[in-house]
Amino acid sequence: ESVLVRFKGKMQPGITLRDLVHAIPLYGIKQGLLTVEKKGKINEFSGRILEIEGLEHLTVEQAFELSDASAERSAAGCTINLSEESVAEYLRSNIVMLRWMISEGYGDPRTLERRAQAMEAWLENPSLMRADSDADYAHVIEIDLADIKEPIVCCPNDPDDVKPLSEVAGRQIDEVFIGSCMTNIGHFRAAGKLLEAAGQVIPTRLWVAPPTKMDELQLKEEGFYSLYAAAGARTEMPGCSLCMGNQARIAPNSTAVSTSTRNFPNRLGQGADVFLASAELAAIASVLGKLPTVEEYMGYANQI
């Protein structure tokens, strides 16, 4: 059986997809489908398929942010109802990339060409799987986007311990990590714009690690690496970086904001307290050296 999460309405100003990711466990807690307390733990997402509806306009890259986080719910898998145009746009982009890879000598050209041709065949006759109108679900979670008016964060050190920003604002932040498979190039552009708007060397240690070399190259060409350097950020080799905790580590017993997938004890740093948040909130925390109030957050967010 599946757990259906149905979003409705319009996203409010300053709210990001990462906040919607965290809204799922928040509303699960409200409905008694999830508990933070380990003793007698309840997790109705565990082993089930997480089906998400109501965000058909998302790009496929944006949808990954929601689907990747299904692992933190211990779900067996995740589906997201997207428009045919969103999927078609993604496939057209992939076809261009695959043909470029062939021209540059990457991998087996026959395998890459077969993939490109399969995508072209789908584009000629597009069809997507949809849930039956009378489908039964183990649970249904309805989330009205009009009710999400402030960022939602995961508190140290449990991705199920979700709270609105207003409940944790003011906490001192020593380190910030922007990276992992939960990010795409747009997040790094937004972070760069926020650092540029601040116009200062930040008081925290900020780690920036794009997930791919292609993103790194594009960000360099667009001048964002210059903005990171001006703010005093530390740019890491593309990849998992701090998210896995095996390429770099934050300082022991520090407090951090991270865009990574999970914040289990000692994962990013020994004895560290790690909040999970959007790239936008992470960048603002790096500038202020603390978790902002909702008003401070909105003041910065309105600039991008």
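Predicted model: local features only at pLDDT ≥ 70, side-chain atom pairs only at ≥ 80, totals over all residues.
Four residues of α4 are buried: Leu112, Ala116, Met119 and Trp122. Seen down the helix axis, these buried residues fall within an arc of 120°, so they line one face of α4. An α-helix has 3.6 residues a turn, so residues three or four places apart point the same way. The buried residues of α4 pack against α3 (84–103). Arg110, Arg114 and Glu124 lie on the other side of α4 and are exposed. The N-terminal end of α4 is capped by aspartate 108. A side-chain oxygen of aspartate 108 lies 3.0 Å from the backbone nitrogen of arginine 110.

The largest nonpolar core holds 54 residues. Phe7, Ile24, Ile52, Leu66, Ile143 and Ile148 touch the most other members. Helix α1 (residues 17–30) supplies the largest share of this core, with 7 residues. In soluble globular proteins, nonpolar side chains tend to be buried together. The surroundings of isoleucine 24 were examined with neighbours within four places in sequence left aside. On that basis, isoleucine 24 is in contact with Val5, Phe7, Phe45, Leu50, Ile52, Leu66, Arg73, Ile141 and Ile143. Among these partners, Phe7, Ile52, Leu66 and Ile143 are also listed with the residues that touch the most other core members.

Proline 156 and asparagine 157 are joined by a cis peptide bond, with omega about -20°. Asparagine 157 lies in the loop between β5 (152–154) and β6 (162–164). Positive phi values occur at serine 74 and asparagine 266, neither of which is glycine. Phi of serine 74 is near 65°. Serine 74 lies in the loop between α2 (60–68) and β3 (77–80). Its relative accessible area is 39%, and serine 74 is partly exposed. For asparagine 266, phi is near 70°. Asparagine 266 is found in the loop between β10 (255–258) and β11 (273–276). Asparagine 266 is likewise partly exposed, with a relative accessible area of 35%.

Notes
Residues numbered from 1 in each chain as written. Heavy atoms only, no water. Buried < 20%, exposed > 50% of the residue type's maximum accessible area, 1.4 Å probe, protein only. Helix = DSSP H or I, 4+ residues; strand = E, 2+ residues; numbered from the N terminus. Arc of directions from axis to C-beta. Contact = heavy atoms within 4.5 Å. Polar contact = N/O pair within 3.5 Å; in protein donor to acceptor, adjacent residues only side chain to side chain. Core = buried A, V, L, I, M, F, W, Y, C linked by side-chain atoms within 4.5 Å.
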